[in-house]
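Have a look at the structure, then work down the points.

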Amino acid sequence: MQESGPGWCWNEGHTVKRDRIGYVFIFPYAFHFLLFLAFPLFFSFVLIFHRWDILSPMEWVGLNNFVKLFQDSLFFKSLLNTLVFLVIHIPLQIVVALFIAEMLNQQIRFRGVFRATFFLPVVVSGVVVSMLWSQLYAQDTGLLNSLLTSMGLGRVNWITSARMAMPSVAIVATWKNVGLYIVLFLVGLQSVPKSLYEAADIEGATHWRKFIHITLPMINPTMFMVVVLSTIGGFSLFIEPVIITGGGPMNSTLSAMLYIYKQGFNFYHMGYAATMGFFFAAIVLLVVILQRKVVEKDVTY
Amino acid sequence: MMLILGCRSSRSNTESVRLVYWSSNNQDEIDLARQVVDRWNRLHPDIPVHHQPVPEGESSEEVILAAVVGKTTPDIYSNMWPGDVASYVRAKQLVCLDTFFDYDSVALDRYSEDMLNQARSPDGHTHQILWKTNPIMLIYNKRMFREVGFDDPPRTHSEYLMAAEKMTRDIDGDGYVDQWVGVTDIRARWRDRLFDFYPLYIAASGGRTLIDSGEITFDNEIAVGIFRFFQAIYENGYFPREITTVRRDFFLHETAGSRITGPWEIAHTEKFKPEGFEYDFSPVPVPDGVQEPYYTYGDYKSIVVFKNTKYPREAWEFVQFMISEENDLKLLKIATQLPVRGDVLENPLFRSYFDNNPKMVAFARQAAYVRGIDSSPTLKEVFDAISQEFEACVVYGAKSPEEAVRDAGKRARLVLE
């Protein structure tokens with residue numbers, strides 16, 4: 001009896017053969033997924049209920065790691081720091097990326113060169129970028145303070161003041177990643193029908209009014225994607241504080257990821273680090289779901 | 001006797017032995033290891049040793065940890081930080097060296113009973129041979145100190161602060177200080193305290209470390225004094241509030257008059273110093289009233305044999321060869337690092353080396369008065385507790401020295417528990 005529907009095949013032998021080829025194609029990803037994602041995830045879940053320093057055998061501790069987590073004020077400080085970073089980083093990223101994308105969407109000379117230049121930091125190692133910026137930020141010998149003093153302004157404690165350090169780290173993260181969002185916005189901008197601008201021109205609309213009333217509503221889906229991607233990216237803040245500030249001054253740039261890393265790989269509290277990791281992942285998931293609920297309502301496709 | 005027999009290899013006459021030895025991966029030590037291994041292989045063709053630098057990683061500690069977990073450790077490793085030994089002992093990963101019948105004579109031939117005790121693990125056995133040491137001292141710019149009236153380097157905290165007051169200046173008149181008495185990294189990473197708080201604490205306390213008989217003992221007046229000394233330095237702007245990594249070298253640019261460092265600084269300074277640059281080393285400053293001998297932190301590295309070796313006896317023979325006088329001389333000449341041996345200044349074999357390298361004499365003298373770190377699996381967290389409070393109190397003045405030391409002690413006790 002022949003079956004109908006999408007999986008229909010003219011005989012069983014052929015279906016098996018076709019399936020085998022399919023399995024061969026999915027094998028590389030399935031292998032990668034099982035080894036580097038599913039297994040570590042499962043293993044981390046097991047670790048939540050254990051104390052383990054890598055060298056000694058695991059010791060069952062039940063829910064003690066959660067008790068420790070809720071008593072650990074530094075973990076909650078690291079969550080707050082991450083939130084502060086997101087509040088600075090996401091709007092800054094969007095404004096800068098959109099502004100540059102708008103510029104690069106104009107008919108200007110060397111447009112390709114500019115596009116490549118702005119994308120360059122995305123492909124440069126985060127460590128290199130952070131080391132470069134830590135030189136620029138140096139209090140007494142850095143280029144930024146030299147520029148400020150040459151203009152008759154005072155020096156800024158870019159990374160040695162608890163108030164300034166996180167905004168400084170956010171600037172670096174923005175500079176490093178903005179190229180990716182410029183590309184996304186460029187795609188969004190180029191998909192806006194030209195006829196809308198032509199109609200607005202006939203009505204005598206200014207550049208600003210066209211941007212507010214045509215461009216922004218039309219790139220809403222891109223905006224949503226950028227917000228979600230930069231939120232997830234922002235939650236994983238790690239390299240910049242490690243290299244530039246080490247999490248200081250006075251833990252003001254200690255991000256949640258950095259704290260989890262420190263507990264896991266500096267002090268070998270693998271069970272506790274896994275517990276924090278799961279708790280943090282749950283927060284990220286919750287925020288992304290909320291974003292979808294709140295922002296998606298206004299997205300125009 | 002059973003233990004001795006247990007440590008002996010069970011190799012039959014026909015079985016071929018092959019040992020794998022990992023050295024540090026800095027070029028000088030790779031060169032040293034190659035020479036040592038080549039000579040060993042010529043002298044002992046029946047026990048060939050294969051040398052390999054420890055694979056690249058973020059730190060050699062992490063690479064060794066990964067090797068232990070993956071059961072790919074070498075037979076012998078010569079760059080073990082004594083602070084990590086306790087963890088590996090607890091995990092039963094290291095061969096117990098004092099079960100070899102000749103261990104005591106070999107070790108005591110090299111260093112004192114006191115050093116032997118420093119190398120002991122919490123279980124009472126010894127799993128490491130202290131191989132080399134880097135005593136931490138004060139490197140100072142002779143001209144800069146002479147100009148502020150110090151022909152000899154400052155010996156005490158108050159002398160150092162006096163020199164600091166005179167040396168800290170705005171040279172170019174732009175309204176900002178651009179010459180300081182010293183420099184240290186202000187970040188609160190645990191290891192940074194090995195180069196400011198810890199050597200000064202050991203010096204001020206006459207050689208005490210942080211933990212005694214499993215109890216935290218550093219939260220005392222001595223530590224408060226060290227915090228107060230550094231707080232005065234930062235409060236008055238005698239050190240720049242800088243994160244010093246990958247920045248210009250403040251000391252070689254003569255914008256900082258001193259720095260706390262080890263003997264590795266000699267090769268670096270000789271290579272990059274500007275013309276006419278005069279420098280020397282002295283013990284780290286101590287509080288007024290502390291008498292000689294002045295102790296300091298000795299940054300040790302040990303040789304260990306991993307338990308997965310099939311040939312512990314042969315590995316031990318190679319270790320003995322590594323720490324022979326001839327190879328210790330090579331350690332000095334090739335790697336500019338001090339072997340841990342009591343006779344380093346008296347032994348005629350080393351005399352010509354010190355005659356030709358007078359800057360190393362200060363370190364060799366200091367090497368007799370060094371303390372390592374305590375043997376505890378949670379030592380890094382203890383240092384982290386101190387580091388966090390050091391940053392808050394010393395660098396940013398957010399706490400008094402008394403509060404900071406008390407809080408560091410409190411947190412360190414929780415960690416030990």
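1. A term to start with: two strands pair if DSSP finds at least two bridges between them, and strands (E, at least two residues) and helices (H or I, at least four) are DSSP runs numbered from the N terminus. With that in hand, look at B:Leu138, which stands opposite B:Ser282 in strand 9 of chain B. Strand 9 and strand 5 (residues 137–141) of chain B run antiparallel and are joined by four bridges.

2. Some housekeeping. This is a predicted model, where local features need pLDDT of at least 70 and side-chain atom pairs count only at pLDDT 80 or more, while totals for chains, interfaces and linings use all residues. Residues are numbered from 1 along each chain as its sequence is written, with chains lettered from A and ligands numbered from 1 in the order in which they are written.

3. Back to those strands: they belong to an open sheet of three, in the order 8-5-9 (chain B), with antiparallel pairing. Strand 8 (258–261) and strand 9 (279–282) of chain B are the edge strands, each pairing on one side only.

4. Now the domains. Chain B is split into domain 1 (2–135 + 297–371) and domain 2 (137–296 + 375–416); such bounds come from an automatic or database domain assignment. The C-alpha centres of domain 1 and domain 2 of chain B are 30 Å apart. Their contact (C-beta atoms, placed from the backbone, within 7 Å) takes 24 residues from domain 1 of chain B and 22 residues from domain 2 of chain B.

5. Which helix gives the most to the side of domain 1 of chain B that touches domain 2 of chain B? Helix 4 of chain B does, with six residues.

6. B:Thr378 is worth a click. You'll find B:Thr378 in the loop between strand 12 and helix 16 (379–395) of chain B. Buried or exposed? B:Thr378 counts as buried because it has 22 C-beta neighbours inside 10 Å; the rule is buried at 20 or more, exposed at 12 or fewer, and partly exposed in between. Leaving aside neighbours within four places in sequence, B:Thr378 is in contact with B:Val415 and B:Leu416.

7. Last, the cores. A nonpolar core is a set of buried Ala, Val, Leu, Ile, Met, Phe, Trp, Tyr and Cys residues joined through C-beta atoms within 7 Å. The largest has 154 residues, and B:Ile76 and B:Val319 are among those touching the most other members. Helix 16 of chain B supplies the largest share of this core, 10 residues.

Note on methods: Contact = placed C-beta atoms within 7 Å.
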